[in-house]
Amino acid sequence: SHRQLDALRAELSVEGAQSGVKTAWSSIMPQLSLNAGVGVGAQLQYRQINTFTGETRTSDFVAPNFRLGLQVSQLLYDGGRWWTQISQAGAQKEAAEGQLKEQQMASELEATRRFFTLLKAQLTLKVLEETVRRSSQQLENARSLYEAGRGQRSAVYDAATNLGNDEISVVRQKQSILIARLALLQWLGRPDADVEAVPPPELEQALQPVDAEGSLAWARDHRPLLKSLDAQVRAAEFAITNARADYFPQLSVSAGYSRNANLPLDFVDLRVQHGLSASLNLQWNIFNGLSTQAAEEKSKQALKQTQLQQKQSIVDLEVEIRQGAASLATEQEVLAIAQRNLTQAEQQVLLETERFAAGAGSSLEARNAQIKYTQAQLAVLQ
């Protein structure tokens, strides 16, 4: 079930978050660029005036240009954005990993639910097939009594009709098994296969009551959803710091090497045409039309939404655990009553079947006892 579609999508989200971490780290890495080119420059009717002699010279200028450059730059300070982006990317990755574990648990839970739906359908079929066998025996008893002159013809008709209805239930239940099997295989992303749900050994063991408070404490420490929400809150807080970084200047250092020449021989000659440069760059966007303030406010709103979602998720989780613990306790109490009813219904169906076979009871009483016994079996199975 961990390879189910939603779980695989969550895995892709984790891979995307890992790429985001690499992107965040790239901002503090040195930036190295290489450029080269060959071109032609032309100045037609170029006029040059000698400021001392007043001589004017007009000429045309056409020359090739060869260039090669290597530039390296390093960001030194950008208002704290780069290390905040790294922290934010790490929090987003942690949130994605928590979502992956949560989705895997959810996929497993849904697969488990569909598995038990199939198992219940299979066990229900066995109960209904047992009911058909009892109805068949009831029909034989009714015919024997009628042929012996101790029963009525109507009892034979009633028993035959009851058997037909029970057989219809079996046919419909087989369809339910098919639907349950396809639903399970569909969730697992597999084609149709003739699979059977095998009852796990734990099904025959008595379940212990669940401590709701203990489960809540465990969930707060281990539930992937809560850890993911915590990481989302941290990422939203880092986003606010990122937005504030535009209030501060950016400082970087760069260095470069270049070669430019108009003649191929000058460019090829490694003894000439070398150029080196180095600079310390300061850039400060003093006013950008309040966009920085708007980005900060938007990040604060996103943080509030994340915190509200986190708060509601905790409330939903607590309610879900308390409801689950209460439902389990209720079903355990109902099971004890259902098992007691099953014992009584089994004794009643034996009694009424024997009475009907002996000609002392009616087919209606025997049928009523059979229905109660089937209902009691299904109640225990549920």
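Let's start at Gly-275, which is found in strand β4; helices (H or I, at least four residues) and strands (E, at least two) are DSSP runs, numbered from the N terminus. Leaving aside residues up to four places away in sequence, Gly-275 touches Gly-256, Tyr-257 and Ser-258, where contact means heavy atoms within 4.5 Å. Glu-55 is another matter: 220 residues apart along the chain, the C-alpha atoms of Gly-275 and Glu-55 are separated by 33 Å.

A word on what you're looking at: this is a predicted model, in which local features need pLDDT of at least 70, side-chain atom pairs count only at pLDDT 80 or more, and totals for chains, interfaces and linings use all residues. Residues are numbered from 1 along each chain as its sequence is written, and side-chain values use heavy atoms, with hydrogens and water left out.

On confidence, the mean pLDDT (the predictor's confidence in each residue, from 0 to 100) of the protein is 88, and 95% of its residues reach 70 or more. Helix α6 (residues 264-268) has the lowest confidence, at a mean of 71, while helix α3 (residues 153-188) has the highest, at 93.

Now the overall layout. The protein has eight helices and four strands, and reading along the sequence gives α-β-β-α-α-α-α-β-α-β-α-α. Its radius of gyration is 41 Å, whereas a compact globule of 382 residues would be near 21 Å; the radius is taken over C-alpha atoms, and the globule rule is 2.2 Å times the number of residues to the power 0.38. Along the principal axes, the C-alpha atoms fill a box of roughly 150 × 45 × 35 Å.

Helix α2 (residues 81-147) packs with helix α1 (residues 5-26), and α2 also packs with α3 and with helix α8 (residues 363-381). Here are the numbers; axes are lines fitted to C-alpha atoms, for helices over the stretch in contact, and angles run from 0 to 180 degrees between N-to-C directions.

| Pair | Angle | Axis separation |
|---|---|---|
| α1 and α2 | about 170° | 8 Å |
| α2 and α3 | about 165° | 8 Å |
| α2 and α8 | about 165° | 10 Å |

Angles under 35 degrees count as roughly parallel, over 145 as roughly antiparallel, 65 to 115 as roughly perpendicular and the rest as oblique. So α1 and α2 are roughly antiparallel. By class, their contact has 11 nonpolar, 10 polar and four charged residues; Ala, Val, Leu, Ile, Met, Phe, Trp, Tyr, Cys and Pro count as nonpolar, Asp, Glu, Lys and Arg as charged, and the others, Gly among them, as polar.

The α2 and α3 pair is therefore roughly antiparallel too, and α2 passes α3 in a left-handed crossing. A crossing is left-handed if the near helix is turned anticlockwise from the far one by less than a right angle, and right-handed if clockwise. The contact of α2 with α3 has 22 nonpolar, 12 polar and nine charged residues.

With α8, the packing angle of about 165° makes α2 roughly antiparallel, and the crossing of α2 and α8 is right-handed. Residues meeting there include Leu-123, Val-127 and Arg-134 in α2, and Ala-366, Tyr-373 and Leu-378 in α8. That contact divides into seven nonpolar, eight polar and four charged residues.

Phi of Leu-290 is near 70°, a positive value in a residue other than glycine. Most residues other than glycine have a negative phi.
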